[in-house]
Amino acid sequence: MTTSSAVLTPRPAQIDNDVLLHGIKARRSTRTFDGAPLQAEHLEVIRGYLDDPECMRGPLGGEFRIELLTGVDEHKEIGTYGYTKGFQTVLVAIARPEPLVLFEMAHVLHGLVLYLAHLGVGTVWMGAAFNPADILQATRVMSDEIIAAIIPLGYAGDKKRLIDYAAPLVLKAAKRKPMDEVFYFGDFGTPLGDHGGPFHAALDLARRAPSAKNKQSWRAVVSRDHTRIHLYAAFGLRHQVGTGRKKYACPPEYLDVGTFHRSLEVALMADGLEGTLVVEEPDVRIPDGADIEYLATWVRR
Ligand SMILES: Cc1cc2nc3c(=O)[nH]c(=O)nc-3n(C[C@H](O)[C@H](O)[C@H](O)COP(=O)(O)O)c2cc1C
């Protein structure tokens, strides 16, 4: 197995938004790969993305690392408890376990996932179903950092395994919660209904983002004047965070909101809506007893 970052690679800074939009529509998790290494042109795309400061800059400027492992022997080197098979390439997401840093890292990494989906490269975000000790041997992880997730990459294999049918069925992976369960208008007491205005279509599309256990832990409150979208994480997997087998190294909900925000940004841009991400103190009351945390606000430019 080798860890790498290339020197001479194409610079994909200006990835066409339509490419990412297609990625949102084409992507779904791949768990059985065909065993082949990634084609050179796809590796170049990945290295180009990872080497490009524009691609790697999070919307709030936080610091994190994404490493590329190639030539991985999944049997000897990276255990995924049988959840995935047949991959030789892995992206590893490493960061300090701080909410906004995790969110931003997922935003950045999901941009690459969408790009790869457009190119026909299969991916699966994994927050829990891998053995971090295996990855630690291949990457340098500082004492204040965690491996928040890995993403095995490759081409979908022809021969499906039971897990390829069972996991999507159990997780209802093709389904998403109704919009009114996750999106609100002005406050958490008012479901979005038909108040989405210019944001409606983009919010609808962004729900296709992947999330741990397909919990779709993103929540969004659209401001009544349609200038802002406040983003929140709703927690449901805290009991599965820890250091044991199949535990998440951090609450995966922060990553979920990152994949969602990246998708939302792409979908909004496709509708001609550009914005800036800020952290402010929205005048939105979180319902008593709800395990919900504010992360950031998209402000229309
Ligand atoms: C942060 C995060 C962590 C995930 N962890 C795992 C995992 O440990 N094992 C797994 O099989 N899938 C994992 N997934 C994939 C989800 O199960 C999958 O995205 C979800 O069921 C929706 O299916 P789709 O990706 O095909 O749309 C994870 C996804 C995210 C975003």
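**Close-up views of a predicted model**

**View 1. Two strands side by side.** Strand β6 (residues 183–185) and strand β8 (residues 218–222) pair in the parallel sense over three bridges; strands are DSSP runs of E with at least two residues, helices are runs of H or I with at least four, and both are numbered from the N terminus. Pairing here requires that DSSP finds at least two bridges between two strands. Look for Phe-185, which stands opposite Val-222 in β8. This is a predicted model, where local features need pLDDT of at least 70 and side-chain atom pairs count only at pLDDT 80 or more, while totals for chains, interfaces and linings use all residues. Residues are numbered from 1 along each chain as its sequence is written.

**View 2. The open sheet.** Six strands line up as β7-β6-β8-β9-β11-β10, with mixed pairing. Because β7 (187–191) and β10 (275–278) are at the edges with a single partner strand each, one side of each has no neighbour in the sheet.

**View 3. Helix α2.** This helix (residues 40–51) has twelve residues and spans 16 Å from its first C-alpha to its last, close to the 16 Å expected at 1.5 Å a residue (the expected span is 1.5 Å times one less than the number of residues). Among its buried residues are Val-45, Ile-46 and Tyr-49 (buried means 20 or more other C-beta atoms within 10 Å of the residue's own, with C-beta atoms placed from the backbone).

**View 4. Around the ligand.** Arg-28, Gly-127, Ala-173, Pro-210 and Asn-214 come nearest among the 22 residues around the ligand (near means a C-beta atom, placed from the backbone, within 6 Å). Helix α9 gives the largest share of this shell, three residues.

Terms used. A residue is buried if 20 or more other C-beta atoms lie within 10 Å of its own, exposed if 12 or fewer, and partly exposed in between; C-beta atoms are placed from the backbone.
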